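Please look through the sequence and the structure shown below before reading on. The report that follows goes through a metal site, a set of strands and a helix.

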Amino acid sequence: MTTIAHISDLHFGREQATQIAGLRKALAQAAPNLLIISGDITQRARHREFQLAERFLSTLPFPYLIVPGNHDLSAHRLIERFMFPWRKWRRYISHDLEPQTSLPGVHVIGVNSARRFGWYWDWSRGRISSQQVSEVVAALQAAEPNTLKVVVAHHPFWLPTANLRRQLIGGYRHALEQFQAAGADLILGGHIHLPFINIVNGMLISHAGTTISDRLVKGQPNSFNLIQGDSHQLTLQTLEWEEDHFALRQQQSFRKQSDGWQQH
Ligand SMILES: [Fe+2]
Ligand SMILES: [Fe+2]
């Protein structure tokens, strides 16, 4: 059985040392085979924040896969944003903005949904292009049978309420149809700093909250998720910060049926 830990929106620059120590402890206990980090690793894409993030990543005793978020692009230095949007990411975090990785029985596909510009005022919005969808579909189709197929992007492909929906990733309808047809099992993301789990088109969608930053949504503590199982059955756990440690908040189990994932 594989264990994947999913953390998100670390926002170095607004990180909290106690939560970092608590996260390290919880991860040491869970001993994940892979750690997935779904974007917004910095608060304002500053060198100092990327350096803190780099130091954090360099001390992780597990393999990890990370994709960028909208905060990892500078919102204020426009020349940097337009001319060299990913220079700091490549210097401090990774050359690969859309990494993929395989474990026995699991394949994970990263998508970069952050954009330096859009025809709208809110540049925090994200998008998946049809080219990116085609690349994800090709990777899904190339995965071995009986592989758990996971897609990770910072921006959400589904949200529970109408007032949150402007945060949805642009192009989500087409992407969800294509991912379903290509056999995706699990779609992971972050961005809204709220954890949730839902089944959409037979696929599981799970989002992690902000794991260590103080950019909290009212009433929602820091959190991260643990995913355990394989391509036939999965258990998804959300752990939330309680006083001085991460504690199990909710757990749901799912089985894969002929028409997709169902709660068990
Ligand atoms: Fe964020
Ligand atoms: Fe974000």
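How many Å apart are the iron ion (ligand 1) and the iron ion (ligand 2), and which residue coordinates both?

## The iron site

The iron ion (ligand 1) and the iron ion (ligand 2) lie 3.5 Å apart, and Asp40 coordinates both of them. This is a predicted model, in which local features need pLDDT of at least 70 and side-chain atom pairs count only at pLDDT 80 or more, while totals for chains, interfaces and linings use all residues. Residues are numbered from 1 along each chain as its sequence is written, chains are lettered from A and ligands numbered from 1 in the order in which they are written, and side-chain values use heavy atoms, with hydrogens and water left out.

Asp9 lies in the loop between strand S1 (2-7) and helix H1 (17-30), and His193 in the loop between strand S7 (186-189) and strand S8 (196-200), so the pair ties together parts that are 184 residues apart in sequence. Here helices (H or I, at least four residues) and strands (E, at least two) are DSSP runs, numbered from the N terminus. Both Asp9 and His193 are buried, where buried means under 20% relative accessible area, exposed over 50%, and partly exposed in between (1.4 Å probe, protein chains only).

Strand S2 (residues 34-38) is mostly covered, since five of its five residues are buried. Leu34, Ile36 and Ser38 point one way from S2, whereas Leu35 and Ile37 point the other way. In a regular strand the side chains alternate between the two faces of the sheet.

S1 and S2 run parallel and are joined by four bridges, two strands being paired if DSSP finds at least two bridges between them. Within this pairing, His6 stands opposite Ile36 in S2. S2 is also joined by four bridges to strand S3 (residues 64-67), and these two run parallel, with Ile66 in S3 as the bridge partner of Ile37.

## A residue in helix H1

Ala21 is found in helix H1 and is partly exposed, with a relative accessible area of 47%. Ala21 and Thr161 are 140 residues apart in sequence and 33 Å apart in space, C-alpha to C-alpha.

How values were computed: Donors = N, O, S within 2.8 Å, 3.2 Å for Na, K, Ca; no water.
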